[in-house]
Amino acid sequence: LDKKGIASGGSGAAGAFVSPKIGKGSPLQTLTNESFNFAKAFYLSTCPTLFYQTGVIRIPKDEEDAKNFSAYEPFNENKYINYNKEQLEELGVDVEFESFYFPEAGVCEAKELCEALLSDIEVLVHEVKQLRKENGSWCVGDYKAKNIVLATGYESDMADLRYMGIKGTWGTRGDFSSDLALEVSMHQSMSVSANIDGIIKLGATHEKEVKEVVPCKKEQALSLKEKASSMIDTSDLELQKVFCGMRAGSKDYFPLVGKVIDVTFMLENYPKITRGEKPKMKYVDNLFVCNGLGGRGFVFAPLMAKILAECIIEAKEVDVRVNPDRLFLKWCR
């Protein structure tokens, strides 16, 4: 059930870049790169015509960041090549810094890919106001189901999910027509796609001050064009379409996948939980969540979906790194 239709919110506005994370081997980098490998294989096997494996160049943000790249290099678990200034210039990329090129990375067609994945699944446009339980089934309007998965992004008021700390970050993406011969995608402080069928995607802004959905603004997309001019020749880029939406993230930037704790029950029956008690968790029966994928939704989503499916169907334990339980006790205290 979707209140406006497939990929009508943050997903539809996404640049949908699929690339590894660079860094010094943090747990988040490790999970992101596991997810990247899974997503890459998943898209190539299920909808290869909507995943363009253009490769992605990761460019240092500034001089200071360029110094860090040598420290990042031992943690590049995915196939990569070092490109110097001259090699980048040959590709149409005008930057001063040596950069990493990840040839297996790329970019998806966001909305089309979501539609393709749901092609054999009934999608109902229906705005859910509330959930109720009747005789062991979840009821939503006239619809009934044994299990409910809340994949509601930043709008998470269907159940008490306060402990998950879900927050929204507004983003704008612009699609620009261009004749520029740009065959690779890149990321510095923003992302620039390869030229695919005469369109270069620029995205996306990170506007934390925007708390509610607002109309898309051309000015935001045009600001991305100006920013991109430090990497590529933007002289013939003409804005064709603006996309905008809210991406949802968690407190610790890890996804939120799995069961939902019965917050009221826990607080009423274990009052000492606010002072450090660690009782066994009670969950809301047959209620699950998939949220907090942040700005890497198209990287995380396939693996998170597999983890959630195994949790629901096989009663398999959820990976502790993405299990929302990790945030509950601290929230209580």
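**Group meeting talk: strands, a helix and salt bridges**

Okay, let's start with a pair of strands: β8, covering residues 137–140, lines up with β9 in the antiparallel sense over three bridges. Strands here are DSSP E runs of at least two residues, helices are H or I runs of at least four, and both are numbered from the N terminus. Two strands count as paired if DSSP finds at least two bridges between them.

Before I go on, a quick word on where this comes from. We're looking at a predicted model, where local features need pLDDT of at least 70 and side-chain atom pairs count only at pLDDT 80 or more, while totals for chains, interfaces and linings use all residues. Residues are numbered from 1 along each chain as its sequence is written, and side-chain values use heavy atoms, leaving out hydrogens and water.

Back to our pair. Which residue in β9 is the bridge partner of W138? That's A145.

Two bridges hold the pairing of β2 with β6, and Y52 has V107 in β6 as its bridge partner.

That brings me to helix α2, residues 27–46. With 20 residues, α2 reaches 28 Å from its first C-alpha to its last, close to the 28 Å expected; the expected span is 1.5 Å times one less than the number of residues. Its buried residues include L28, L31, F36 and Y43. Buried means under 20% relative accessible area, exposed means over 50%, and partly exposed is in between, using a 1.4 Å probe and protein chains only. What do the buried residues of α2 pack against? They pack against β1, β2, β6, α5 and α8, where contact means heavy atoms within 4.5 Å.

One more strand to show you: β16, residues 256–261, has five of its six residues buried. β16 runs antiparallel to β17 (residues 283–291), and five bridges join the two. G258, for example, has V289 as its bridge partner in β17.

Last topic: salt bridges, meaning a side-chain nitrogen of Lys or Arg within 4 Å of a carboxyl oxygen of Asp or Glu. How many does a search of the whole structure find? The count is 16. One of them joins R132 and E134, with the closest N and O atoms 2.9 Å apart. R132 counts as partly exposed because its relative accessibility is 34%, and E134, at 33%, is partly exposed as well. D175 and R173 also form a salt bridge, again with closest N and O atoms 2.9 Å apart, but here D175 and R173 are both buried.

Then there's K282 with D262, at 3.5 Å from N to O. This pair links distant parts of the chain, 20 residues apart: K282 is in the loop between α7 and β17, and D262 in the loop between β16 and α7.
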